[in-house]
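Hi there,

Here is the structure I promised to pass along. Have a look at it first, and then read on for what I found.

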Amino acid sequence: MKEKIILSFSSGKDSIFTLYQILKTDNYDIFKLFTVLSKEYKRVNFHSINYNLLDLQAKALGFNLDKLFISKSSTIDEYAKKLEPLLLQYRDNYNIKKIA
């Protein structure tokens, strides 16, 4: 049985390459993609990709996408405080213990 995982997805080439490598191994079942976006701009911070395009990419790839919106001025502690409930939800509700 394949282990369920979550893929951190920014839509960049590294995310796409990671997705490709995971699918190639046939060891994991990618349960969902998740991404972090700027609350103010509704974009991925690293690539400035709008969340609507992310939705289209995820749909075209055949995955659901969870979005975590954080303030552009968030500290690492604020980021962690917002991320923790999402990670706990994956663990407690879906028995997911790994993120790629």
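This is a predicted model: local features need pLDDT of at least 70, side-chain atom pairs count only at pLDDT 80 or more; totals for chains, interfaces and linings use all residues.

H1 covers residues 13-25, which makes 13 residues. From the first C-alpha to the last, H1 reaches 18 Å, close to the 18 Å expected at 1.5 Å a residue.

Which residues of H1 are buried? They are Ser15, Leu19 and Ile22. If you look down the axis of H1, these buried residues fall within an arc of 70 degrees, so they line one face of the helix. On the face of H1 turned away from the buried side you will find the exposed residues Lys13, Asp14, Phe17 and Lys24.

My other stop was Leu68, in strand S3 (residues 65-70). Is Leu68 buried or exposed? Its relative accessibility is 11%, and buried means under 20%, so Leu68 counts as buried. Leaving aside residues up to four places away in sequence, Leu68 touches Thr35, Val36 and Leu37, and also Lys82 and Leu83. As for Leu87, it is 19 residues from Leu68 along the chain, and the C-alpha atoms of the two are separated by 11 Å.

Happy to go through any of this with you.

Best wishes

Note on methods:
Residues are numbered from 1 along each chain as its sequence is written. Side-chain values use heavy atoms; hydrogens and water are left out. Helices (H or I, at least four residues) and strands (E, at least two) are DSSP runs, numbered from the N terminus. The expected span of a helix is 1.5 Å times one less than its number of residues. Buried means under 20% relative accessible area, exposed over 50%, partly exposed in between (1.4 Å probe, protein chains only). The arc is that of the directions from the helix axis to the C-beta atoms. Contact means heavy atoms within 4.5 Å.
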